[in-house]
Amino acid sequence: MLAGGQPGSQARLGAGQIDPGNTDLGESKLPGPAAQFAEQLRAVDRSMVLLTHPPILETRRLDWPDEAACAAFARRLAALPSLRPDTFIALEGLLGAGKTTFVRHLLRALGVPGRIKSPTFAVLEPYEVDGLVVSHFDFYRFEDAREWADAGFRDVFAAPGLKLVEWPENAASVLPLADWQMELAALDGDRRRVSVNALTDHGQRLLAGMA
Ligand SMILES: Nc1ncnc2c1ncn2[C@@H]1O[C@H](COP(=O)(O)OP(=O)(O)O)[C@@H](O)[C@H]1O
Ligand SMILES: [Mg+2]
């Protein structure tokens, strides 16, 4: 809404739109070109902030001293009834931060048996457990947004289910707004610092359920 037209329409308000023949262009009536330009820059800036950083409704900071703490958090999340039938969790963080590990613990806690593969090459590993469709994406190698429709990923996001997405940054132009944006960072040893950002009302309710 804001991102769509604003920068473009602002940018068209160039100096050409000010009538140079009008001698009555006092500062009190119209801002000068410099002030106008500064306002344009601010408008573009506001739009860019909205484009790249959706508003965070609430943040929870976690400190996982070891992988057992990661697994415990995953188990508590899996136990929340409102995780079903439709939740989108975006997982950000460098290689080795623990994105796949967290997903593995979550899937295990939900009842997925057997080996849980990382979808780094396949992009998507689908599961179904107790009637819940779970889609684990890894967009690390995702480059071509055309794949989004061709591979059926758009349909996955249009339907209910639990969507767990690693490297959402690489598909940012096509992904809908996540309920949770989790930012994971490896500290020394097995310690991980995690921020859980709720970006939707549903995400905020999930956070409240984790209290
Ligand atoms: N507290 C922790 N939380 C998650 N993973 C941990 C933790 N401590 C150690 N690890 C290890 O860190 C590695 C994380 O790798 P992985 O989950 O594949 O990262 P990513 O998917 O972010 O690239 C795994 O080997 C995991 O066992
Ligand atoms: Mg991974």
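Helices (H or I, at least four residues) and strands (E, at least two) are DSSP runs, numbered from the N terminus. With that in hand, welcome to this structure. It is a predicted model, in which local features need pLDDT of at least 70 and side-chain atom pairs count only at pLDDT 80 or more, while totals for chains, interfaces and linings use all residues. Residues are numbered from 1 along each chain as its sequence is written, chains are lettered from A and ligands numbered from 1 in the order in which they are written, and side-chain values use heavy atoms, with hydrogens and water left out.

## The sheet

Two strands pair if DSSP finds at least two bridges between them.

In one of the pairs, E125 has H136 of β4 as its bridge partner.

Leaving aside neighbours within four places in sequence, S135 is in contact (heavy atoms within 4.5 Å) with L124, E125, V156, L162, K163 and L164.

The other serine, S195, is found in strand β7 (residues 192-198). S195 is buried too, with a relative accessible area of 9%. Not counting residues up to four places away in sequence, S195 touches T59, R60, R61, Q181, M182 and E183. With one of these, R61, the side chain of S195 makes a side-chain polar contact at 3.0 Å. A polar contact is a pair of N or O atoms within 3.5 Å; within protein, one must be able to donate a hydrogen and the other to accept it, and residues adjacent in sequence count only if both atoms are side-chain atoms.

## Around ligand 1

Which residues are closest to ligand 1? There are 14 residues around the ligand, and the closest are E67, G96, K99, T100 and T101; a residue is near a molecule or strand if one of its heavy atoms lies within 4 Å of it. Helices α3 (67-78) and α4 each supply at least two residues of this shell. The most comes from α4, with three residues.

| Residue | Distance to an oxygen atom of ligand 1 |
|---|---|
| K99 | 2.7 Å |
| E166 | 3.2 Å |
| R192 | 2.9 Å |

Taken alone, ligand 1 exposes 570 Å², and the protein buries 77% of that. Accessible areas come from the Shrake-Rupley method with a 1.4 Å probe; for residues, only the protein chains shown count as cover.

## Loops worth a look

D144 lies in the loop between β4 and α5 (146-150). D144 counts as partly exposed because its relative accessible area is 32%. A polar atom of the D144 side chain lies 3.0 Å from the backbone nitrogen of R146. The C-alpha atoms of D144 and A171 are separated by 8.8 Å, although these residues are 27 apart along the chain.

Some backbone angles also deserve a glance. Most residues other than glycine have a negative phi, and most peptide bonds are trans. D130, in the loop between β3 and β4, has a positive phi near 50°. At 69% relative accessibility, D130 counts as exposed. W167, in the loop between β5 and β6, has a positive phi near 55°, but W167 counts as buried at 14% relative accessibility. Finally, a cis peptide bond joins R84 and P85, with omega about -5°. P85 is found in the loop between α3 and β2.

Conventions:
Buried means under 20% relative accessible area, exposed over 50%, partly exposed in between (1.4 Å probe, protein chains only).
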